[in-house]
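Trainee: I would like to learn how to read a protein model feature by feature, taking the general idea before the particular case. Could you go through one with me?

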Amino acid sequence: MLIRSRTAFLTLAAGLALSVGVAACGGSSESDGDSGGSTGASAGAATTADGGGSSSASGTPEGNLRVVLAAPPSGLDPIVSARDGQYVWGTMLEPLVNVDERELPDRTGLVTDWSRPNPTTWEFRLRPGVRFTNGEPFDAAAAAFAIQENVDNPAGILKSYFGNVRSVRARGDDTVVVTTRTPQVNLVNLLSTVFALPPAYYREAGSEGFTKRPVGTGPFTWTRELPGRSMQVSANPGYWGDAPGVRDVTFTWATDAQQRLSLLQSGAADVSFDLPPTQAQAAQEAGLDVLEIPTAVKITAFLQADRAPFDDPAVRRAAALAIDRDQIVESIFQGRATATGGLLNMLPGEEPASEITPNMEEAKALLRGATPSVTLTYPTKYTNIQDVAEATGGMLEEAGFRVTLRALDYGAMVGQIVRRNIDGIYLLGAVPNVAHPDFFARGFMTSTSITANCPDRELDVLTARALEQPDAETAQPIYDELNTRAVVEDACYAPLYNQTFNIGAKDVSGLEYSPLNVPHFEHAKLGG
């Protein structure tokens, strides 16, 4: 079997499929006749959920791919939901712009071409003849609606990235025109994280209704949810592209990593996501296929630089010098992660223009015998994150800090960050939706960003200047300067490592996973 990364330089001849068993009931899946909690969707979706199977010789999708996730999706509305829901909604909903193996925009998706008549105007041509699974047409009005929702929705998770958009309008059925207040070099990139929505249905159902029964243009369509247990999608018979390789995909979840491995080993699941290094090694030793994918997910220590003790630049630099990211990667992940000292180097393999080299003796000297008290907050969400927090805290204590560790639920922690109700140092995964440095610059470095932890207003100036450049090549030196100032000179951020994502599988082929943490199930087949 072959499961592959979508990025050319990450091609690995390793299989990846994780079991998707029913965590609470011991069976491999729900039976065809189970109607409890069914919320069936539009357009003839199959409702069977038998495990296993294979694709027929005629190319008709067959079989149920059973996938186990590390946690249930927090929501299925791409406007307001966290990106963990994309594992499920991404089977049904499609972005306006596709990306290629290098995560760069291409013309193979719903948007088939674009042009830039002047520095603040973009025109996007759409694929004709596409319909949502509820029958609504995907046309310029629908595409404009999806963009406008990201601009206007006060709860939109990407709203800050679209603040420069002045207007969005449909021109005929096949063209969308977007104007910006100032030049914005990455607008096409951003449309790769805007998902097509059926306007009439989304307005009628609202976010809550849409989450219960998503409707899109993608290769799969919603079948049902068994609340607290599983979600299922089925092949979309009216899909404009190639038919998917399986009839159904059933998602369930197990928060315990050993349980995810056990489901795979027992045959109760076909694919299991997010195996920590210990379980990934055990899966390999058991003869299962494991794909190790270096990702763009960057675990970073954020220093709250507008509050004591990190309002002192020397104390910030001492903390950054004390943290040895290479030691963390080797001791905790056994090399199954990639140490990085930069924040704006977006993809695995990219190196920052400059970085801080850990130096414990210099860190101690900067503190001059002081013992600042700091709280180190970390979310319970990430692989081995407690070990990382303890190791980071130990290094800070060796330098002279007095550290209190605090574990928080991910949602609660993000809420404190957004409300500016957090201090000290906290660990957070920087997860890019698009492979463009502006995503992290505006997401974490500016005064209006999610974290807004660095009070250096020059970061705002550099971020805006980079975005107004005519192309990526002329913008890159500015992003290099921005990274050097924020990470090395200001020491507001201590990047630690890029996660390596381990996916286990058995007898599955064609499953793809991008470094941006996006799975693609449309080419997956059983019996690989």
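This is a predicted model: local features need pLDDT of at least 70, side-chain atom pairs count only at pLDDT 80 or more; totals for chains, interfaces and linings use all residues.

Trainee: How do I read a sheet, and what is the strand order in the open sheet of four strands?

Mentor: Strands of a sheet pair through backbone hydrogen bonds, either parallel or antiparallel. Here the order is β3-β4-β6-β5, with antiparallel pairing, and the edge strands, β3 (111–118) and β5 (165–171), each pair on one side only. From one strand to the next the twist averages 20°. A helix also packs on this sheet: α2, residues 140–152, touches β4, β5 and β6, and its direction makes about 165° with that of β5.

Trainee: Which residue of β6 stands opposite F124?

Mentor: That residue is V176. The two strands concerned, β4 (residues 121–126) and β6 (residues 175–180), pair in the antiparallel sense over five bridges.

Trainee: Are the residues of β7 buried or exposed, and how many bridges join β7 to β8?

Mentor: In a regular strand the side chains alternate between the two faces of the sheet. For β7 (residues 220–226), seven of its seven residues are buried, and for β8 six of its six residues are buried. Six bridges join β7 to β8 (residues 230–235), and these strands run antiparallel. In their hairpin, three residues lie between the strands, and G228 takes a positive phi near 80°.

Trainee: Which residue of β8 stands opposite R224, and which residue of β9 is the bridge partner of Q232?

Mentor: R224 stands opposite Q232 in β8, and the bridge partner of Q232 in β9 is T250. Strand β8 is joined to β9 (residues 248–253) by four bridges, again in the antiparallel sense.

Trainee: How do I read a helix such as α14, and which of its residues are buried?

Mentor: An α-helix has 3.6 residues a turn, so residues three or four places apart point the same way. The buried residues in α14 are A475, I478, Y479, L482, N483, T484, A486, V487 and V488, and the buried residues of this helix pack against α7 (313–322), α12, α13 and β16. With 18 residues, α14 reaches 24 Å from its first C-alpha to its last, which is close to the 26 Å expected at 1.5 Å a residue.

Trainee: How many disulfides does a search of the whole structure find, and why is the disulfide of C454 and C492 described by a hand?

Mentor: The search finds one disulfide, which joins C454 to C492 with an S to S distance of 2.1 Å. The torsion about its S-S bond is about 60°, so the disulfide is right-handed. The pair links distant parts of the chain, 38 residues apart: C454 is in the loop between α12 (438–445) and α13 (458–467), and C492 is in the loop between α14 (472–489) and β16 (493–505). Both C454 and C492 are buried.

Trainee: Why does N384 count as partly exposed, and what is the phi of R420?

Mentor: N384 has 24% relative accessibility, and therefore counts as partly exposed, since buried means under 20% and exposed over 50%. Phi of R420 is near 60°, a positive value in a residue other than glycine; R420 has its place in the loop between α11 (410–418) and β15 (425–430). R420 counts as partly exposed because its relative accessibility is 32%.

How values were computed. Residues are numbered from 1 along each chain as its sequence is written. Side-chain values use heavy atoms; hydrogens and water are left out. A disulfide is a pair of cysteine sulfur atoms within 2.5 Å. Buried means under 20% relative accessible area, exposed over 50%, partly exposed in between (1.4 Å probe, protein chains only). Two strands pair if DSSP finds at least two bridges between them. Axes are lines fitted to C-alpha atoms, for helices over the stretch in contact, and angles run from 0 to 180 degrees between N-to-C directions. Contact means heavy atoms within 4.5 Å. The expected span of a helix is 1.5 Å times one less than its number of residues.
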